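Open your viewer and switch to the cartoon view. We will go from stop to stop, selecting a few residues each time.

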Amino acid sequence: MEEKLEISEVYRAAQVLRDVARHPRMIGPTRLNPEAEIYLKPENLQHTGAFKLRGAYYKISQLTPEERQHGVIACSAGNHAQGVALAATANGIKSLICLPAGAPISKIEATRRLGAEVCLVPGVYDDAYQKALELQKEHGYTFIHPFDDLKVIAGQGTIALEILEEMPDVEAVIVPIGGGGLIAGIAFAMKQLKPDVRIYGVQAAGAPSMEISVKSGERRRLQQVSTIADGIAVKEPGANTFEFCSRYVDEIVTVSEDEIAASILALMEQQKLIAEGAGAVAVAAAMFNKVPVKGLKTVCVVSGGNIDVTNLNRVITRGLVKSGRNCTIKLDVVDKPGVLSDVCQIFSRNGANVLSVTHERNSDHTSINGCILSVELETRNHEHINQLRQALAEAGHHIIQ
């Protein structure tokens with residue numbers, strides 16, 4: 001790192017943000033993981049629906065008069081865009097935001113509503129980043145980096161100050177990682193003030209750039225990223241954030257798409273909180289024991305809530321399947337009267353709700369007088385599904401899936 005971040009700058013950022021950012025109080029303890037004392041820092045309740053406002057506003061507040069006059073440019077998967085737009089508009093500064101063309105429409109429109117000009121770029125975040133650099137050189141804008149800037153990192157670090165103020169005895173903090181600005185700020189501030197707190201980072205399995213980089217000891221660039229957690233779909237971590245993670249983060253893990261979906265569903269049902277995929281990965285890591293927090297007083301940072309509502313139904317469906325709340329059982333049965341009734345009675349007696357039934361006679365996988373019976377069920381949990389399968393087997397039915 002060419003410059004050095006001091007803890008005094010994080011405190012200075014907190015002063016600047018005192019009357020600008022929301023300071024959502026922690027929620028908990030929750031039952032998200034019965035073996036740990038899990039609390040939530042709900043940055044999804046922040047202005048613009050994500051923590052990004054903190055770093056963007058602090059960075060913009062520190063611009064020189066000349067830089068303000070030229071205006072600012074930024075690139076973003078969506079949340080940083082809204083933070084920059086709000087901060088620039090509040091300070092009377094022109095802003096241009098480059099977003100990936102595939103960013104959720106809700107994030108694009110929210111950025112425009114906050115006063116920014118939007119430039120949509122084909123590809124993912126990294127493509128938008130390159131376009132922003134081109135436009136910066138062409139027009140002389142000041143670039144507001146979404147994560148690899150020490151002032152942005154200082155702004156995100158104010159979350160650590162709030163956690164410690166509210167919970168001085170915190171033992172572990174779990175933080176999402178995309179480019180790494182959020183965890184860099186939180187880990188730096190937390191380790192300066194309470195070094196024994198464990199800091200765990202979480203990435204989507206389809207975009208593990210920081211995990212791979214830290215394990216290899218050098219920054220690595222992924223060829224492609226693919227995840228429902230669009231806010232952390234970053235191909236390459238920043239130079240500063242890589243150094244911070246290497247130095248201050250205890251462990252980085254990944255979570256699957258199904259685990260992310262299940263955590264979004266759990267937050268909705270249990271806590272009445274809407275989290276986007278990127279915002280839910282820390283909770284997913286806690287729920288599915290990806291990090292060793294058993295018996296620890298743990299804070300999960302829910303970093304954002306700007307989920308595209310058009311994807312919400314799919315995410316909920318994936319979450320229901322992962323948590324054992326929905327399943328499909330396929331049976332190879334004899335095609336004769338009464339079989340369907342018998343199967344449905346077994347489900348009824350065991351407390352399952354039948355959602356749909358598909359009856360396929362012309363299958364290569366059955367006998368001449370057989371058929372495939374596919375039943376979609378509403379269930380309680382995985383144990384309940386096993387109970388249903390056992391009851392079907394005891395009744396002599398052949399389960400094929």
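Which residues of helix H5 (residues 105–113) are buried? Select Lys107, Ile108, Ala110 and Thr111: these are the buried ones. Keep in mind throughout that this is a predicted model.

**Stop 1: around helix H5**

Look down the axis of H5. Its buried residues fall within an arc of 165°, so they line one face of the helix. Now turn to the face that points away from the buried side.

What do the buried residues of H5 pack against? Show helix H4 (79–90), strand E4 (95–100) and strand E5 (117–121): these are the partners. Then move past the end of the helix to Gly115, which follows H5. Its phi is positive, near 105°.

**Stop 2: the cysteines**

Cys98 counts as buried, at 0% relative accessibility.

Next, select Cys344. The closest cysteine sulfur belongs to Cys371, 12 Å away, which is too far for a bond. Cys344 counts as partly exposed, at 25% relative accessibility. Search the whole structure, and the number of disulfides is zero.

**Stop 3: the cores**

Select Ile163, Val170, Val173, Ile186, Met190, Ile199 and Phe244. In the largest nonpolar core, which has 39 residues, these touch the most other members. Several elements each supply at least two residues of this core, among them helix H1 (7–17), helix H7 (150–166) and strand E7 (172–176).

Zoom in on Ile163. Beyond its neighbours within four places in sequence, Ile163 is in contact with Met26, Lys41, Val170, Val173, Met190 and Val299. Another core, of 37 residues, lies apart from the largest one. To find it, select Leu32, Leu273, Ala275 and Ala278, which are among its members.

**Stop 4: a four-stranded sheet**

Finish with an open sheet of four strands. Their order is E12-E13-E11-E14, and the pairing is antiparallel. Which strands sit at the edges? Strand E12 (353–360) and strand E14 (398–399) do, each pairing on one side only.

Now colour strand E11 (residues 326–334) and strand E13 (residues 370–378). These two pair in the antiparallel sense over nine bridges. Last, select Asp332 and look across to E13: Ile372 stands opposite.

Conventions: Residues numbered from 1 in each chain as written. Predicted model: local features only at pLDDT ≥ 70, side-chain atom pairs only at ≥ 80, totals over all residues. Heavy atoms only, no water. Pairing = 2+ DSSP bridges. Buried < 20%, exposed > 50% of the residue type's maximum accessible area, 1.4 Å probe, protein only. Arc of directions from axis to C-beta. Contact = heavy atoms within 4.5 Å. Disulfide = S-S within 2.5 Å. Core = buried A, V, L, I, M, F, W, Y, C linked by side-chain atoms within 4.5 Å.
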